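Reader: I'd like to learn how to read a model like this one. Could you walk me through it, feature by feature?

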Amino acid sequence: EKFSSQSIPEFYSHKVIGKNIHEEDGSFVDREFPPKASSLYNINTSKLHRNELRIWKEFSWKRPSEWMSGEPKLFDGDIDPSNLVEGYLGNAYFISTLKALAENPENIKRLFDTKKPTKEGQYIVNLCLNGENYKVEVDDFFPYCDKMKKPAFIRSKKNEIWPMLIEKAWAKVSGSYENSIKGLCCESFRALTGAPVEYVNHTYIKEVWSKISEAFYEGSIICAMAEKESSNSFSNDDFDLFSAYAYAVTKVHEIDSDEGKIKILQIRNPGTQKWLSMFSDTSKVWRSEVKKAGLKPASNDSILISIEDYLCYFRTTLICKANSRFAASSLRCKQNFGEASLIRISVSSSEKVSFTATQFNQKYVGRSKSKDPSFIRMIVGKENENPKDQKAFPITYIGGLSGFEESLTITKD
């Protein structure tokens, strides 16, 4: 397998999730994930509160043309994360991931094979599940709240349907909309980009600033998180799950002042609460320096925060290593307990290369009976090119990881 640099990352599908069957009138209805109650919630085993379940049972299914005032579009002009409106689903981790990805419109557009709405209502959403790329087929029937006269779950303020299609594809591979409520930001980032995800613990200011700055200038997706999420913090049978919210870091700045360098991060404010701390529009601290640097004070849409305050308000930083140069390839390995696989990979790029070992997650595609990931160990080495060293030291150790994680990643320059 070869890893190469590409100007535009592409998905190479290993499997299509969908049957591609059209109705007699030419329209498309997804029979694997039909517009029925079973796609909304688990009929016999739902863990929704009875009051919430009662509301969900009143939802209908409608196509966009049935409620949109204008012609439905896949993309209506520029993609803007501020246009996304969260519905009744409660999947904050997934909504915040979509908003972070939407900071760069190409992250969203590459999820679709088509860039225009289809008459049949048939769409393909590209997802990366269990380390492999899938083309997930969905229709454009969406849960609709007739009492509120609007879509029940995510929607856009504009006449566009891309947010609802992505959310529906995620619900489909999860088994139902109800099943997609629980999850982690790292899961959704990996599924929507195929790229490895790294967590930066907020221990030392210099180390955190260095990693965030490096990631920003590499074009990676950076998110601040108030809590550190972990797959060990909940079980798959527990519905009362903690979903950490990811706040997109959109810019980093270093400003000169009389007291030295001021390190500032600009963060997208996804809520309606006003930022009243340092660098807000009402704060007089460092206003002159901020203005001289050409920065505008924090507003309702964005937050300016010093690296010192950043470490106080947020516990960890999530970095998704997807950028315009990212490309991925995968292969499937299977061995019995105690056995190992030796894989030789030729790298034809001078860019950073990440090696990821991903275990099967029962949440996606086929769902395994096993719920707990196994203990895995991954070791990465490099063949010595010098003939003199090959006999004594044929392989140079690069790095190794082990644990009961669903995904382990080693990155090498």
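Predicted model: local features only at pLDDT ≥ 70, side-chain atom pairs only at ≥ 80, totals over all residues.

Reader: How many disulfides does the structure hold?

Author: The general idea is to look for a pair of cysteine sulfur atoms within 2.5 Å. Here there are zero disulfides. For Cys-185, the closest cysteine sulfur belongs to Cys-223 and lies 7.1 Å away, which is too far for a bond. Cys-320 is in no disulfide either, with the nearest cysteine sulfur, again from Cys-223, at 8.3 Å. Cys-320 also counts as buried, at 0% relative accessibility.

Reader: Which residues have the most contacts inside the largest nonpolar core?

Author: For a core, look for buried nonpolar residues joined through their side chains. The largest one has 51 residues, and Leu-98, Phe-112, Trp-162 and Phe-189 are among those with the most contacts inside it. Helix H5 (residues 162–174) gives the largest share, seven residues. A second, separate core has 18 residues, including Val-208 and Ile-319.

Reader: What is Trp-162 in contact with, leaving aside its neighbours within four places in sequence?

Author: Its partners include Leu-74, Phe-75, Ile-79, Leu-98 and Phe-112.

Reader: And the sheet: in what order do the strands come?

Author: Follow which strand pairs with which. The order is S3-S7-S8, in an open sheet with antiparallel pairing. S3 (60–62) and S8 (150–151) each have a single partner strand, so one side of each is left without a neighbour in the sheet. Three bridges join S3 to S7 (residues 142–145), and Ser-60 stands opposite Tyr-144 in S7.

Technical notes
Residues numbered from 1 in each chain as written. Heavy atoms only, no water. Pairing = 2+ DSSP bridges. Helix = DSSP H or I, 4+ residues; strand = E, 2+ residues; numbered from the N terminus. Core = buried A, V, L, I, M, F, W, Y, C linked by side-chain atoms within 4.5 Å. Buried < 20%, exposed > 50% of the residue type's maximum accessible area, 1.4 Å probe, protein only. Contact = heavy atoms within 4.5 Å.
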